[in-house]
Amino acid sequence: MNTTSVDEHTEKNIGVVILFLSFSVLAACLSKIILSKILKNKIPIPFTVTILILSFIIGLIVTHSKNITNNFQRGEIELSEIHPHLIYYIFLPLLIFDSSFNGHFYLVKHQLLSAILLAGPGVLISTVIIAIFSVYVFPYQWSWLTGLLFGSILCATDPIAVVALLHDSGASKSLASLIDFESLLNDGSAFVIFLIFKKIFVGETYNARLITTDIVKFSIGGPVFGLISGFICVMILNRINNELEIEISFTFAISYLIFFIADVELGVSAVLALVTMGLYMAKHKYCISSNVQISLVSTWRMATYLINIMIFTVTGIILAKSLVNTATTIIAQDFIFSILLYVVIHIGRALTVILLYPLIRRSGVHISWKDGLVLIWSGLRGSMALILVLMVDLDTRIDSVTRHHFLFHVSMIALLTLIINGTTSKFFVHFLGLKQGAKESQIVLSQALEHMQRDTFSRLLQMKQDEKFAEVDWKVLDEYLPKRLLKELNDERDLIIDQEINILTEESSQPLNTNIDQQFETISINNINNERQQNIRNELVIRFLTAMSIDYEKQWYLGMLHRRTLDILIKSVEQAKQKRSFQLHWQLLIEHFQLSSVVLNSMRLNCFDFINQWTNKLLFDHILLTIELTLAFHSAKTRIDNILFLFPELATIDEQIMNEVCQESKKFQLHAARVLHDLRRSYQLCWTAQMTKRCAQMLLKHNQLLLFICLKREYLMIMNIHIFVNLSKIKYSI
């Protein structure tokens with residue numbers, strides 16, 4: 001009987017928690033609609049911070065309520081008492097894997113050393129600075145060990161809060177990638193430091209040998225396990241072809257599985273293991289089938305959206321409960337000390353960035369002083385700090401007064417950083433001029449927008465001359481197209497586009513000049529110095545190389561390329577984008593044309609038949625790879641030609657630079673054409689096999705798309721009905 005009542009109570013608790021979370025998701029969606037559609041994003045508050053504030057207010061109201069009369073309040077209370085390990089195991093795996101797997105691998109690759117510096121020595125510096133402040137400024141008479149334990153909780157930025165912030169701030173991809181990756185790594189290193197100081201603080205047997213063992217096990221064991229797991233996952237996914245449900249489910253399941261095995265079974269850093277596995281899979285992201293890629297991104301975006309709502313809801317109500325529950329221990333001056341601690345944390349992060357700046361520069365990452373300010377301001381503390389301090393709060397071996405002080409100050413810092421830094425980050429990035437990007441990038445963007453206007457007005461002219469649109473109110477239409485759209489784009493992207501391009505001022509109700517070009521003043525750029533010319537050239541090269549990478553993915557999607565070939569092409573084009581060089585892209589491909597040492601050595605051992613057969617297979621596969629790489633590179637020229645044809649306004653930026661870039665591109669396209677000619681003449685059998693295989697793959701892909709369309713339009717269902725009817729007639733006649 002008692003067991004039954006306990007089960008019913010547990011089921012009811014789960015039900016009220018689900019009720020509260022469902023309400024939170026709906027309230028979050030409603031608030032986003034209000035902010036974006038009704039208020040037109042005029043209030044510069046990130047979506048996640050809005051959720052935090054609302055849940056914090058709800059938490060304060062429910063915590064102060066004397067009578068709990070409904071299931072909504074009961075759900076809030078149950079959720080506010082959630083165990084920190086549940087937050088750790090439920091929310092962290094998905095968000096960490098998403099940040100690493102769906103991030104920009106080739107940006108992270110160049111920032112790896114800088115992120116390690118900020119996550120290693122940077123975390124230690126922050127820990128020491130916070131410890132010094134807490135020992136000498138706080139009036140609690142804390143020992144150095146207590147101060148270091150407190151510092152280890154607040155030393156690391158929170159990956160969940162930082163990732164959510166970066167999506168809204170508008171910072172550049174390079175800077176956002178560095179901050180994101182640093183927050184993921186220092187989360188793991190801070191957890192190691194926290195565990196070490198906590199074990200020493202509670203009096204566990206802990207010597208220098210055990211400390212060294214734990215540091216090595218966490219910092220090296222985690223990445224090694226993650227690398228092995230990533231290799232196995234890529235190998236498995238490469239053998240799965242166009243199984244949408246299986247591939248998507250696999251990525252979700254493996255993130256939780258690896259996180260749990262690393263943390264519980266192996267005792268290594270689960271965060272570092274998952275980050276390493278995610279980055280390895282990001283490097284080999286084409287292990288996911290072409291038909292699954294878009295659906296996978298959409299599914300993960302939806303999952304992280306819901307997880308962010310839930311984690312910030314939980315964070316808000318836990319902060320409210322923590323502040324209320326510590327009221328008996330906390331006095332008014334503690335609020336002042338929390339504000340001072342907030343300032344000291346930013347001073348400590350500034351010192352960290354300044355001290356490590358020379359090493360970051362030497363690692364190849366060039367950040368300006370403006371980037372440094374954003375890096376300092378992005379030091380948010382959130383759910384990770386709450387998880388660690390709740391672990392301390394649940395440990396009864398630590399005296400209650402110290403636990404309350406820990407809980408109060410960590411809650412205040414999380415609240416202050418999330419609300420102040422989170423709310424002002426977008427304005428801060430805009431104020432520093434980092435959201436607009438380089439001037440040359442803005443010029444290229446403005447030319448694209450001018451093309452949009454030309455095309456829009458050309459289409460508008462055709463519609464006005466069409467009898468079907470004779471009764472259209474063109475004055476009303478003029479209020480929306482294209483001026484209204486450009487104004488909304490200005491507000492959304494914070495760009496001064498109207499100052500860079502000329503907008504047609506004549507009313508559409510007046511007779512339009514059929515010569516559209518005369519309605520615009522072409523942007524001219526005179527007196528450009530050599531540095532700016534080089535910057536414009538770099539912008540154009542990056543865009544052409546990006547167009548080539550898109551074309552490679554399109555060829556893969558159409559069945560013209562294998563996964564291995566696409567990996568080589570994307571890797572080389574990303575490295576070329578870093579150096580802004582067509583030549584580097586071609587040179588990196590040429591390196592794959594050369595025979596490997598394995599093939600060369602096996603060719604010398606031609607005395608055994610099985611070695612000869614194996615060598616011939618390797619040589620045949622190598623020639624096929626060379627043909628496929630060269631064909632892909634040569635075919636990408638079409639996309640560049642289309643860009644020049646569809647966007648002639650790009651030539652008005654600087655005709656000389658545009659001609660130089662086009663000539664450089666055509667030079668390497670001619671190199672590729674000569675290589676193809678030599679391959680076709682020298683290896684006729686391989687060429688025929690490759691072209692036959694290529695044609696078969698394209699036809700199969702085409703049939704697959706037709707089958708998908710037929711399924712979508714239910715043609716096959718009708719065909720099945722006809723087949724069934726015919727079979728029935730045959731059976732009846734028999």
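1. Start at I232. I232 sits in helix α11. Helices here are DSSP runs of H or I with at least four residues, and strands are runs of E with at least two, numbered from the N terminus. The relative accessibility of I232 is 39%, so it counts as partly exposed. The cut-offs are these: buried means under 20% relative accessible area, exposed means over 50%, and partly exposed lies in between (1.4 Å probe, protein chains only).

2. A word on the source. This is a predicted model, in which local features need pLDDT of at least 70 and side-chain atom pairs count only at pLDDT 80 or more, while totals for chains, interfaces and linings use all residues. Residues are numbered from 1 along each chain as its sequence is written, and side-chain values use heavy atoms, with hydrogens and water left out.

3. The surface patch. I232 belongs to a nonpolar patch on the surface. Patch residues have over 30% relative accessible area and no salt bridge; like charges are joined within 9 Å, and nonpolar side chains (Val, Leu, Ile, Met, Phe, Trp, Tyr) within 5 Å. Areas come from the Shrake-Rupley method with a 1.4 Å probe, and for residues only the protein chains shown count as cover.

4. The second largest pocket. Its volume is about 800 Å³. The lining has 27 residues, and I116, L185, S219, P223 and L272 lie nearest the centre. Elements that give two or more residues to this lining are α6 (105-119), α7 (121-136), α10 (173-201), α11 (208-238) and α13 (270-283). Helix α10 gives the largest share, seven residues.

5. How a pocket is defined. On a 1 Å grid over the protein atoms alone, a pocket is an open set of points with protein on both sides within 12 Å along at least five of seven lines, whereas a cavity is a set where a 1.4 Å probe fits but cannot get out; lining residues have an atom within 4 Å of a point. Grid points are joined across faces, edges and corners, and the volume is the space filled by probe spheres set on the points.

6. What is the lining of the second largest pocket made of: nonpolar, polar or charged residues? It divides into 21 nonpolar, four polar and two charged. Nonpolar covers Ala, Val, Leu, Ile, Met, Phe, Trp, Tyr, Cys and Pro; charged covers Asp, Glu, Lys and Arg; the others, Gly among them, are polar.

7. Salt bridges. The structure holds ten. Each is a side-chain nitrogen of Lys or Arg within 4 Å of a carboxyl oxygen of Asp or Glu. One of them joins K198 and D395, at 2.8 Å from N to O. This pair links distant parts of the chain, 197 residues apart: K198 is in helix α10, and D395 is in the loop between α17 (383-394) and α18 (400-431). K198 has 15% relative accessibility, so it counts as buried. D395 is buried too, at 8%. K198, D395 and R397 are linked in a network of salt bridges.

8. R537 forms a salt bridge with E664, with the closest N and O atoms 2.5 Å apart. R537 is in helix α22 (residues 530-557) and E664 in helix α28 (residues 655-682), 127 residues apart. R537 is buried, at 17% relative accessible area. E664 also counts as buried, at 16%.

9. A local pair. R681 and D678 meet in a salt bridge at 3.5 Å, N to O. About one helical turn separates them, because they are three residues apart in helix α28. Is R681 buried or exposed? R681 is exposed, with 61% relative accessible area. D678 is partly exposed, with 36%.

10. Positive phi values. Q141 is not a glycine, yet its phi is positive, about 60°. Q141 lies in the loop between α7 and α8 (144-154). At 73% relative accessibility, Q141 is exposed. N242 is another residue other than glycine with a positive phi, near 55°. N242 is found in the loop between α11 and α12 (244-266), and is partly exposed at 25%.
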